[in-house]
Amino acid sequence: MAISLRVNGTAYEVDVEPETPILWVLRDSIGLTGTKFGCGIAQCGVCTIHLDGRPIRSCITPVSSAVGRQITTIEGLSNDNSHPVQQAWIEHSTPQCGYCQSGQIMSAAALLSQTDNPSDSEIDSAMSGNLCRCGTYPRIRAAIHRAVEIYDASKS
Amino acid sequence: MNMQTKISRRTMIRTMAGAGGGMILGFHLPGASAGVVAPEPWTTPTDGAEINAWLTIDLDGTVTIRVPHTEQGQGALTSVPTMIAEELDVPWENVRAVFADMNRHLNQGQEYKVTTTHGSQVVRLQHPHIMQAGASARERLKAAAAIVWNVDPSQVTAKQGVLSSGSNQASYADFVTAAAEVQLAQEPTIKTPDQWWLMGKPLPRMEIPHKVNGSAQYSIDTRLDGMVYAAVKCCPVPWGKVKSYDFDAVRNRPGIIDLVEFHALEGKTFTSDMQNGVAIVADSWYRAKTALDLMPIEWDYGPNANVSNETQAAEAQRLFGVEGDVSNEIGSDALGRINQGGNTLSAQYHRPYETHARMEPINATVSVTDERIDVWSPTQDQAAPLRIISDHLGRDTKEIFVHTAFLGGAFGGNGGGATAVTKQAAEISNRLRRPVKVIWTREEDITHDKQRPPVYTELKASLGERGLPEAFFSRAVWFTHEGVANHGPATADYSIGTMPYLVPNRRHERHNVATHLPTATHRGPGANQNGFIIEQFVDEMALAADWDPLEWRLEMTKGLEPWQRVLLKMKEVCGFRTDLPKGQGMGIAVVEDHNSYCGACATVSVSQRGQLTIDKLDIIINSGYLINELNASEQLEGAACWELSHALYGGLDLENGQFTNTNFDSYHLMRMPQMPSANCYFALSEDGWWGGMGEPGGPPTPAAVANAIYFATGKRVRSTPINQHDLSWS
Ligand code: FES
Ligand code: FES
């Protein structure tokens with residue numbers, strides 16, 4: 001069945017069952033592989049994307065629920081690594097294997113779009129759904145604080 | 001000057017020809033739509049010429065270094081170029097990295113010597129030949145310039161990409177082709193640490209910018225024209241069989257293409273080989289997986305369906321009463337001395353099965369045609385998939401091309417080259433003659449991982465003069481898959497049998513029990529399980545005789561310089577104390593792993609109701625030398641989180657011959673709120689030996705936490721996961 005989607009500002013038409021999770025539409029139908037598969041049951045967060053600006057787990061969200069809404073993936077965050085979260089991630093040398101980091105970055109970007117200056121405990125609760133097997137959590141926490149500074153500097 | 005221009009022009013023509021001749025990096029799969037490794041700077045240089053297999057230099061001075069090891073976040077893609085650039089002496093900003101070509105390696109004299117990436121070894125063990133490649137290239141450039149300038153090579157300097165002698169000056173690029181032909185009378189020796197200008201600098205890892213925007217390509221991201229997808233299910237009790245299935249029930253679902261059966265190979269039921277199972281092939285992975293979930297399958301579990309955590313625990317108890325193989329003995333009659341009585345203590349400890357659970361589920365993509373085979377596989381040994389497929393399909397290694405991608409974690413579990421999944425993909429593609437991507441669900445990944453072996457250990461000691469142990473005995477019971485050597489008996493009591501403490505009479509025994517469950521190395525093999533055990537029992541011995549745990553360790557390692565260095569640094573920086581109010585505690589531990597000596601000091605709080613918080617974690621390492629403090633700190637933090645995950649939350653449940661907690665809702669890992677930040681300190685001996693960095697941060701950390709819990713609560717936690725123990729106090 002043909003379904004129309006908007007991903008990172010571009011319109012796509014895909015032929016999939018409406019219950020297909022957005023994750024597989026992004027990866028296999030559209031070819032945006034920055035969004036990852038890790039568990040398929042909303043437990044690890046590597047598939048995190050934004051639906052109308054809010055973070056969701058694309059592995060359990062049917063594509064039918066995205067019709068008429070805006071999907072943003074890691075590829076759509078910026079086209080030159082200029083998003084404050086990306087800059088802070090680079091400064092703090094955050095990724096190790098990197099596999100979880102698309103999801104981490106999308107969760108962090110969503111947090112910062114809703115909370116100007118999150119505390120450690122706000123960061124912890126916003127990020128607790130994102131697993132990192134490489135143990136980059138302390139760097140993620142530090143990078144989120146740094147991203148706030150970068151945001152603020154860009155505004156002033 | 002004339003001469004130099006002439007050489008330059010010739011160089012240019014030849015390098016262009018070289019590039020046109022197909023620059024060996026095998027990313028040129030015909031028809032591939034996106035089957036490439038990451039974008040810039042991993043692309044093949046367009047005009048570079050090579051001096052040796054390790055590097056090319058472009059006309060603009062860009063140096064591209066070919067890395068034969070894999071990148072799983074541990075830093076090989078940066079450390080290998082760092083070591084070569086150090087010797088070559090080129091500006092770091094001119095350096096690029098690509099993965100080396102394994103087809104060339106295996107078919108043309110194995111120029112890279114070692115291609116595997118495990119055991120914290122790339123810098124520790126391989127630095128001599130890697131640095132040698134850079135030094136040799138530098139000396140050849142100097143020799144080539146010396147011929148043209150008509151001077152002795154000793155009068156040519158090579159610095160930051162520029163060759164000079166008197167008034168002559170040229171870029172390395174001008175002499176690169178000539179240098180490739182130079183035969184040195186004698187290969188240069190590599191630099192000593194006091195001569196380093198680049199090694200030792202905290203360089204950021206080169207691939208980081210690709211890992212913040214989704215462009216880094218992992219094996220699972222491979223996309224090829226005409227590619228189909230497969231989901232697989234193998235018997236959940238390893239080596240069990242498929243009794244029946246009903247493909248007709250699902251074959252008419254949208255996109256379904258075929259069903260392929262897999263068979264364990266008779267006589268090859270080796271730990272990493274094929275299991276009995278089925279794959280459904282479809283035009284999308286989700287369609288394949290959904291059909292497989294819906295298809296009725298019956299299994300014949302075979303003779304192992306009664307094995308459980310409980311049966312293993314009972315077997316361990318039985319074997320505690322049976323003499324085992326001796327792994328180490330010092331002095332005499334340790335057990336006899338302990339059995340005589342006096343001031344003795346004994347304890348039993350246990351660590352359960354753990355799984356690798358790298359965030360990238362196991363997968364492989366293979367394209368088989370009559371002419372060639374292309375493979376993408378998340379392996380820790382770039383050359384392994386080539387060997388695996390050649391062996392499995394009986395094809396010539398010259399026809400097989402490995403496309404190395406980033407690894408979404410590995411941790412020892414991908415050591416054999418993700419063997420089973422690579423064979424599965426090869427079988428399907430060989431049959432359908434189409435490119436196929438196989439992805440294991442997380443449940444399949446955990447069910448059929450090669451797990452970290454569980455261990456049960458009994459420890460005994462008798463204390464003599466000054467309350468220090470005069471006799472020490474350990475008996476470990478360890479469960480591994482039959483026929484496995486590298487993580488078998490040798491690691492069963494690693495860190496216990498090898499402990500440094502100067503006890504005059506010691507005996508260490510172990511039982512290696514064969515099971516049907518595949519096992520393998522797992523980041524910090526042996527040391528991670530046993531660090532928790534030995535370093536808590538050390539505290540038990542120290543406290544039984546009223547010793548301060550840190551002073552005890554200093555006393556018992558007297559004269560052992562690498563250990564003393566760590567312990568003295570710990571004393572200097574951690575503020576370790578044993579007199580905190582109840583509910584708070586500090587604990588320490590120190591363990592050797594991969595030839596590095598690593599200490600941890602943890603500060604914890606435990607609420608009266610038993611809620612544990614790790615307030616602070618200090619890690620102190622003596623790795624002999626250090627080439628990149630930034631990368632090293634990342635690895636220490638990561639390894640600490642790795643082992644805290646298992647110790648606090650992990651543990652696989654084994655029932656009816658199979659694992660039952662096979663996704664992250666039931667196999668729990670450390671999450672952000674639970675992870676303390678870690679302070680890393682370096683206390684380096686710098687006297688001729690090198691230690692590893694990717695694993696040693698793990699082993700001491702949970703023991704330090706458990707020792708701190710004891711001080712906070714009075715409770716000794718002798719098994720993991722810690723969160724299943726009642727830590728409440730009043
Ligand atoms: S893959 Fe979606 S949360 Fe794990
Ligand atoms: S960076 Fe490897 S899983 Fe997070």
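# Briefing: salt bridges and interfaces in a predicted model

B:Glu323, B:Glu329, B:Arg475, B:Arg507 and B:Glu509 are joined in a network of salt bridges. The structure is a predicted model, and over all chains the count comes to 52 salt bridges. Four of the salt bridges lie between chain B and chain A.

**Salt bridges within chain B**

- B:Arg205 and B:Glu207 form a salt bridge through their side chains, with N and O 2.7 Å apart.
- B:Arg205 has a relative accessible area of 2%, so this residue is buried, the cut-off being under 20%.
- B:Glu207 is also buried, at 0% relative accessibility.
- Another salt bridge links the side chains of B:Arg251 and B:Asp248, at 2.9 Å from N to O.
- B:Arg251 is partly exposed, with 41% relative accessibility.
- B:Arg372 and B:Asp374 make a salt bridge in which the closest N and O atoms are 2.7 Å apart.
- Both B:Arg372 and B:Asp374 are buried.

**Where chain B meets chain A**

- The contact involves 60 residues of chain B and 52 residues of chain A.
- Together the two chains bury about 4,500 Å², and 58% of this area is on carbon and sulfur atoms.
- B:Val212, B:Met359 and B:Met672 provide 19% of the area that chain B buries against chain A, which is more than any other three residues provide.
- Between chain B and chain A there are four salt bridges.
- A salt bridge joins A:Lys36 to B:Asp221, and the closest N and O atoms of this pair are 2.5 Å apart.
- There are also 31 residue pairs in polar contact between chain B and chain A, counting pairs with both residues at pLDDT 80 or more.
- On the side of chain B that touches chain A, the elements giving two or more residues are helix H6 (285–294), strand S18 (436–439) and helix H16 (629–649) of chain B.
- H16(B) gives the most to that side, with 10 residues.
- By class, the side of chain B that touches chain A has 28 nonpolar, 18 polar and 14 charged residues.

- A:Gly38 sits in the loop between helix H1 (22–30) and S3 of chain A.
- Is A:Gly38 buried or exposed? Its relative accessibility is 2%, so A:Gly38 counts as buried.
- Apart from neighbours within four places in sequence, A:Gly38 contacts A:Cys44 and A:Val46 in chain A, and B:Met359, B:Pro361, B:Arg442 and B:Phe664 in chain B.
- B:Met359, one of these contacts of A:Gly38, is also among the three residues that supply 19% of the area chain B buries against chain A.
- A:Gly38 and A:Cys100 are 62 residues apart along the chain, and their C-alpha atoms are separated by 8.4 Å.

**B:Thr713, a residue in a helix**

- B:Thr713 belongs to helix H17 of chain B, which covers residues 700–713.
- With 6% relative accessibility, B:Thr713 is buried, because the value is under 20%.
- The side chain of B:Thr713 comes to 2.8 Å from the backbone oxygen of B:Ile709.
- Not counting residues up to four places away in sequence, B:Thr713 touches B:Lys582, B:Val606, B:Leu727 and B:Trp729.

**The two domains of chain A**

- Chain A is divided into domain 1 (2–77) and domain 2 (84–155).
- The C-alpha centres of domain 1 and domain 2 of chain A are 21 Å apart.
- In the contact between them, 18 residues of domain 1 of chain A meet 14 residues of domain 2 of chain A.
- These two domains of chain A bury about 1,300 Å² between them, with 58% of it on carbon and sulfur atoms.
- How many salt bridges are there between domain 1 of chain A and domain 2 of chain A? The count is zero.
- Six residue pairs are in polar contact across this domain interface of chain A, both residues being at pLDDT 80 or more.
- Strand S3 (48–51) and strand S4 (54–57) of chain A each supply at least two residues of the side of domain 1 that touches domain 2.
- That side of domain 1 of chain A has seven nonpolar, eight polar and three charged residues.

How values were computed:
Residues are numbered from 1 along each chain as its sequence is written. Chains are lettered from A and ligands numbered from 1 in the order in which they are written. This is a predicted model: local features need pLDDT of at least 70, side-chain atom pairs count only at pLDDT 80 or more; totals for chains, interfaces and linings use all residues. Side-chain values use heavy atoms; hydrogens and water are left out. Domain bounds come from an automatic or database domain assignment. Contact means heavy atoms within 4.5 Å. Buried area is the accessible area (1.4 Å probe) that two parts lose on being put together, summed over both. A polar contact is a pair of N or O atoms within 3.5 Å; within protein, one must be able to donate a hydrogen and the other to accept it, and residues adjacent in sequence count only if both atoms are side-chain atoms. Helices (H or I, at least four residues) and strands (E, at least two) are DSSP runs, numbered from the N terminus. Ala, Val, Leu, Ile, Met, Phe, Trp, Tyr, Cys and Pro count as nonpolar, Asp, Glu, Lys and Arg as charged, and the others, Gly among them, as polar. Buried means under 20% relative accessible area, exposed over 50%, partly exposed in between (1.4 Å probe, protein chains only).
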